[in-house]
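Notebook open, model on screen. I want to go through the packing, the rings and the charged pairs, one at a time.

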Amino acid sequence: MTTTSVLPASTHVGAVHLNVRDLNGTAAFYATLLGLNAATQTDTDVILAAQGRPLLHLHAAPDLPRAPVSRPGLYHTAFLLPTRADLGRWLAHAARLGLRIGSGDHLVSEAFYLSDPEGNGIEVYADRPRDTWTWRDGQVQMDTKAVDAAAVLASAGIDPATLDGAHPFTAPQDTTVGHVHLKVGSAAQAARWYADTLGLDVVADLGSAAFLSWGGYHHHVGLNEWHSAGQPAPSTPAAGLAGVTFHTPDLGTLRTHLAGRADMQDAGDHLTLRDPWGNRVTVAQR
């Protein structure tokens, strides 16, 4: 599915917002896991950044219940490291922390998976060079194979036998949220909404999951119904995803594209909508 261009090809994911029951504990977890710093910290909010770039905005929500796995919302926030060597350094750091993580070689990237203490999914990954990605009929070829963890470590000059040593990790310059993956009631319906509303291209359609991007990336948005098929928009609040922000250099075409839509709020430098499952989506000009 290819859409009319309503946002520039350089549009990308900004910060992910999470409602968390334990603000200080969750902030400390992400700071330690990813080597992030608190750019802003109050009794109710913490903004965590990598070298000054905000990646996570945590909102205190101590009274909200934890979301069940079947609830539409966040599947994972995917933190993109600039190089495979950075991923190797992070993997050594995660091993030193004693974390249990999963992995997946997706052909276009190598990724590791875990959850935060409140059950929010996390991916930490590095892309393979774009000229190694395979495209067929507008679809990027992805898979899930075993990651060669020893080779990832070796790319950082790390011997697996030395993992008991100190491997401090600080998020490097240009660490970003590469993509966000959402749980929805219908992957096909969600793909249509994101394509029609934000001009994303569907670059991989797996039936129960869809992957969409701007500018030929392998995906900025993932959508799946693996745990949430048939679920409607939640009727009551819960901890978890509070919203996703996308950054773009120009809102003009999108503003025209969405003109007259009752579900769109225009704040001048950003537009906000909610997808069919109530997920808040903000597109900000910067």
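Which residues touch the most other members of the largest nonpolar core? I looked up the core of 70 residues, and Trp90 and Leu198 came out with the most contacts to other members. A nonpolar core here is a set of buried Ala, Val, Leu, Ile, Met, Phe, Trp, Tyr and Cys residues joined through side-chain atoms within 4.5 Å. Buried means under 20% relative accessible area, exposed over 50%, and partly exposed in between, with a 1.4 Å probe and protein chains only.

Note on the source: this is a predicted model, where local features need pLDDT of at least 70 and side-chain atom pairs count only at pLDDT 80 or more, while totals for chains, interfaces and linings use all residues. Residues are numbered from 1 along each chain as its sequence is written, and side-chain values use heavy atoms, with hydrogens and water left out.

I listed what Leu198 touches, leaving out residues up to four places away in sequence: Val6, Leu7, Trp193, Trp214, Phe246, Leu254, Val281 and Val283. Contact means heavy atoms within 4.5 Å. In soluble globular proteins, nonpolar side chains tend to be buried together.

**Rings**

How many aromatic pairs does the structure hold? I get seven. Rings of Phe, Tyr and Trp (its six-membered ring) pair if their centres lie within 6.5 Å; planes under 30 degrees apart count as stacked, over 60 as edge-to-face and the rest as tilted. Tyr75 and Trp226 are edge-to-face, at 5.5 Å centre to centre with 75° between the planes. Tyr75 sits in strand S5 and Trp226 in the loop between strands S14 and S15, 151 residues apart. Helices (H or I, at least four residues) and strands (E, at least two) are DSSP runs, numbered from the N terminus. Tyr75 is partly exposed at 27%, and Trp226 is partly exposed at 42%.

Next I checked Trp90 and Phe112: their ring centres are 6.2 Å apart and the planes are at 40°, so the pair is tilted. Trp90 belongs to helix H2 and Phe112 to strand S7, 22 residues apart. Trp90 is buried at 0%, and Phe112 is buried at 3%. I also noted one aromatic cluster, made by Phe29, Tyr30 and Phe79.

**Helix H2**

I went back to H2 for its buried residues, which include Leu87, Trp90, Leu91 and His93. Helix H1, S7, strand S8 and helix H3 are among what covers them. After H2 comes Gly98, whose phi is positive, near 75°.

**Charged pairs**

How many salt bridges does a search of the whole structure find? It finds seven, a salt bridge being a side-chain nitrogen of Lys or Arg within 4 Å of a carboxyl oxygen of Asp or Glu. Glu110 pairs with Arg84, the closest N and O atoms being 2.8 Å apart. Glu110 is in S7 and Arg84 in H2, so this bridge ties together parts 26 residues apart in sequence. Glu110 is buried at 3%, whereas Arg84 is partly exposed at 33%.

Arg89 and Asp86 are three residues apart, so about one helical turn separates them. I have Arg89 as partly exposed at 35% and Asp86 as buried at 9%.

Last entry: Asp263 and Arg261 form a salt bridge, with the closest N and O atoms 2.8 Å apart. Bridges that share partners join Arg84, Asp105, Glu110 and Arg128 into one network.
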